[in-house]
Amino acid sequence: MRRRALPGVLVLLAVLVGPGSQVSVLASSPDAGDGLSRFRNQSISWRDCADTSLAASGTECARITVPLDYSRPRGRTIEVTVSRIAAADPVRRRGILQTNPGGPAARGLGMPALLRTVMDPRVAAAYDVIGMDTRGLGESSPVDCGLTRGTWLLHAPGPDRADFDEAVRLSRDDARSCWEREAGTLPHLSTRNIARDIDIVRGVLGERRTSWFGHSYGAILGAVYAQMFPDRVDRMVLDSALAPVDYPLPMVRRQGPANERALDDFGTWAARRHSTYGLGTTPASVRTGVEALIKRAGGAPIRIDGHRITGHELPLLCYLTLVHASANPEFATMLRLLRDAADGEPVVPPPWLRGTLDLMFAGAGTDQARDYAAQLAMICADAAMPRDPEHYRRAVARARTSQPVFGAMTHAPFPCAFWKERPREAPTRIGNTVPALQLHATEDPRTTYAAGLRLHRALRASRLVTVPLRAHTLYANGSNDCVTDAVTTYLLHGTLPSRDTICPT
């Protein structure tokens, strides 16, 4: 899952199919012989979305039936919910642009409305923009593991063995709870099956080929779809992508050093503004202050807006707020508020920080906890993880020295280490000549630029547009004309840049 709100505030758009106008479309399919014709040839009824903000944006919603297990198309079925904003000019309509906002397990029904806020009107005239809550998530036959937290990253292990054992216990409990409640569904929530769902949607909508826009995990998903269904791709935009072989464990672990660099970059910015924020006169003193605040929270929790922030949770709060250089003022304000709260002073957090804390500490029965269950199901169905807790203990210990703020969090034990079943399919290896436009920031702290370059080499017909900036996802932020123009030209005319391009910031 993204609006132009502060990065770190996760906007979850739950869109229900509500009463409204219905239009049925019966799609004919060129595909045959794979047992999936009945799914591609089903009728689809578009209705106003129950979410009033989406309905006001012109978004319609519908449900599509897909097989739970594609190796058994006559077996159990599930429903996926899709959304649409129709092309603004039917005469100039080119086709469909399917989308995914990332996550993994970010709800995608609001993605068409988000993209339409930054999309060139000529592109909006040419495409039906399609969103989807992926299988197991949101309005698409969601799994519910009964989890009591919203992410395993919430507990960065402390330096003593008992505290690491607590991180192991929490992750083991998350895995056990999922398998006790959703054993029949979990093995089938993989990226490859989501890609198959995307192709069913293409067929149901009567399109021979589909275009794609995805950022973050959504870009990984697009690359997997192109590898599995290369002849069905029209135009593909991958924003802040990485090769699937780097996902998920290598990706998360590389976020440790990337976020340490982001913190140092912020420190340079903040030191020049010491008179405003009082965080330190040098980059080193700014970093020292952050590390000291985490250590202080470990000894005496910081209480703010009804939440209790310890040294376990504070690295995640920094991680969520440090993504974009444009949010440096907000990150500085947050650090100052936390320091004041630790000193016992009354503080009033701004709405964006209140929203971030509420989502970060969301517990049992919340959308965040349910979406975390879907995220675990997707990640653990995609790639096997080391299963020995000692592997994670050693990784945390090694990372702590060079990554004092983020190392323990990004190397903490994955719940997938305790998953009952290994993935049923191997991760997709990318290597093809499907044309694609790839966008990436050089200082991306989520999907690193080096990982993006690996995907670029694997997509041999791709062109890379680079922005020298700390940011994650570029196009939907609408803040760089060079990026916007490249996407507009490609989606309108199918013209990729003649060579890889570096945009000015």
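Biologist: What makes S216 count as buried?

Modeller: Its relative accessibility is 10%. The cut-off for buried is under 20%, so S216 at 10% counts as buried. Bear in mind that this is a predicted model.

Biologist: Which other residue has a positive phi although it is not a glycine?

Modeller: T473 does, with a phi of about 75 degrees. You'll find T473 in the loop between β12 (462-467) and α18 (481-493).

Biologist: T473: buried or exposed?

Modeller: Buried. The relative accessible area of T473 is 0%, and buried asks for under 20%.

Biologist: On to the peptide bonds. What kind of peptide bond joins G103 and P104, and how do you know?

Modeller: A cis one: omega there is about -5 degrees. P104 belongs to the loop between β5 (95-100) and α3 (111-118). There's also a cis peptide bond joining Y247 and P248, with omega about 0 degrees, and P248 is in the loop between β8 (233-239) and α8. Most peptide bonds are trans.

Biologist: Why is the contact of R84 with E60 called a salt bridge?

Modeller: The closest N and O atoms of R84 and E60 are 2.7 Å apart. A salt bridge needs a side-chain nitrogen of Lys or Arg within 4 Å of a carboxyl oxygen of Asp or Glu, so at 2.7 Å the R84 and E60 pair qualifies.

Biologist: What does the pair of R84 and E60 tie together?

Modeller: R84 lies in strand β4 (residues 77-85) and E60 in strand β3 (residues 60-67), so the pair links parts that are 24 residues apart in sequence. Both R84 and E60 are buried, too.

Biologist: How many salt bridges does this rule give?

Modeller: The count comes to 33. Among them is R122 with D120, at 3.0 Å from N to O.

Biologist: What makes R122 count as partly exposed?

Modeller: Its relative accessibility is 44%. Partly exposed runs between the 20% limit for buried and the 50% limit for exposed, so R122 at 44% falls in that class.

Biologist: Which residues are linked in a network of salt bridges?

Modeller: R107, D367, R370 and D371.

Biologist: Now the helices. Which residues of helix α15 are buried?

Modeller: In α15 (residues 389-402), those are Y392, A395, V396 and A399.

Biologist: How do you know they are on the same side of α15?

Modeller: Around the axis they cover an arc of only 105 degrees, which puts them on the same side of the helix. In an α-helix there are 3.6 residues a turn, so residues three or four places apart point the same way. On the other side of α15, R398 and T401 are exposed. The cover over the buried residues of α15 includes α5 (161-182), α8 (249-271) and α16 (407-410).

Biologist: What happens at the start of α15?

Modeller: There, a side-chain oxygen of D388 comes to within 3.0 Å of the backbone nitrogen of E390. The limit for a polar contact is 3.5 Å.

Biologist: Which residues of helix α13 are buried?

Modeller: W352, L353, T356, L357 and M360, in a helix that spans residues 351-360. Looking down the axis of α13, these buried residues fall within an arc of 135 degrees, so they line one face. They pack against β9 (302-304), β10 (307-309), α11 (314-321) and α12 (328-342).

Biologist: Last one: what volume does the second largest pocket have?

Modeller: About 360 Å³. It is lined by 15 residues, and the closest to its centre are G158, P159, I294, G311 and R400. Helix α10 (residues 283-299) gives the largest share of that lining, three residues.

Definitions and conventions: Residues numbered from 1 in each chain as written. Predicted model: local features only at pLDDT ≥ 70, side-chain atom pairs only at ≥ 80, totals over all residues. Heavy atoms only, no water. Buried < 20%, exposed > 50% of the residue type's maximum accessible area, 1.4 Å probe, protein only. Helix = DSSP H or I, 4+ residues; strand = E, 2+ residues; numbered from the N terminus. Arc of directions from axis to C-beta. Contact = heavy atoms within 4.5 Å. Polar contact = N/O pair within 3.5 Å; in protein donor to acceptor, adjacent residues only side chain to side chain. 1 Å grid on protein atoms, 1.4 Å probe; cavity = no way out; pocket = protein on both sides within 12 Å on 5 of 7 lines; lining within 4 Å. Points joined across faces, edges and corners; volume = space filled by probe spheres on them.
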